[in-house]
Amino acid sequence: EITENQTIILLPQKEVQFNELQMGANIFVDNNNSTAIKIGTDDHQMVLVDKGYKTGRHYFEFTCETEPAERSIIIGICLSRNDLYFSLPDPKGFWGFILSESKRAGYNDKGAVEKGEYGAPCKIGDVIGMMLEFTVKGLDLTFYVNKINMGIAFKSLPLQTYYPCSVLGFDS
């Protein structure tokens, strides 16, 4: 049951679950670590999955169990981190899709934070897909809304280990 001030994201992916050791203090996981719930409205926190990726091609799906516009949600990737609080002016190695705003946010190739138009607005029940494609030039990150390709959001990110993640309780 969803009550006020909770945000839920479901990650139905074969061998990937949310990581209990890599989530903000106000985030809880349920359903065998496939559901992340954020309680409270005073901060913006991240939850990472339990595996990082640095080669190959990987697809993940997140399902919005609450309205993204009510408790803004960002789906994306990040580098390994100790600080699980999120701030758009300094996302600290994060690249993602702001579901309620149809925008992408992350660092550009010059190392500056960039927020631009991207994709389509999402609503409760939407399935957000994320494709990580590693090439010799770097990582290409693409998002899908209900299986519809939104195009490459970020191209040729540096070859490093990236963790699929979500920011819950984000305000732009």
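**Reasoning from definitions**

Mentor: In this predicted model, residues 24 or more positions apart account for 62% of the protein's contacts with a separation of 6 or more.

Trainee: What makes a pair of residues a contact?

Mentor: A contact requires heavy atoms within 4.5 Å.

Trainee: Which secondary structure elements does the protein have?

Mentor: The protein has 14 strands and zero helices. Along the sequence the pattern therefore reads β-β-β-β-β-β-β-β-β-β-β-β-β-β.

Trainee: Why is F18 called buried?

Mentor: Buried means under 20% relative accessible area. F18 has 1% relative accessibility, so F18 counts as buried. This residue is found in strand 2 (residues 18–23). Its C-alpha atom is separated by 5.8 Å from that of D50, 32 residues apart along the chain. For the protein, 52% of the 172 residues count as buried.

Trainee: How do you know that strand 6 and strand 11 pair?

Mentor: Pairing requires at least two bridges between the strands. Strand 6 (residues 57–64) and strand 11 (residues 127–135) have seven bridges, in the antiparallel sense, and therefore pair. Within this pairing, F60 stands opposite M130 in strand 11.

Trainee: What makes strand 11 and strand 12 a pair?

Mentor: Strand 11 and strand 12 (residues 138–145) share eight antiparallel bridges, against a requirement of at least two, so the two strands pair. Here L132 stands opposite L141 in strand 12. Strand 11 and strand 12 also form a hairpin, with two residues between them.

How values were computed:
Residues numbered from 1 in each chain as written. Predicted model: local features only at pLDDT ≥ 70, side-chain atom pairs only at ≥ 80, totals over all residues. Heavy atoms only, no water. Helix = DSSP H or I, 4+ residues; strand = E, 2+ residues; numbered from the N terminus. Buried < 20%, exposed > 50% of the residue type's maximum accessible area, 1.4 Å probe, protein only.
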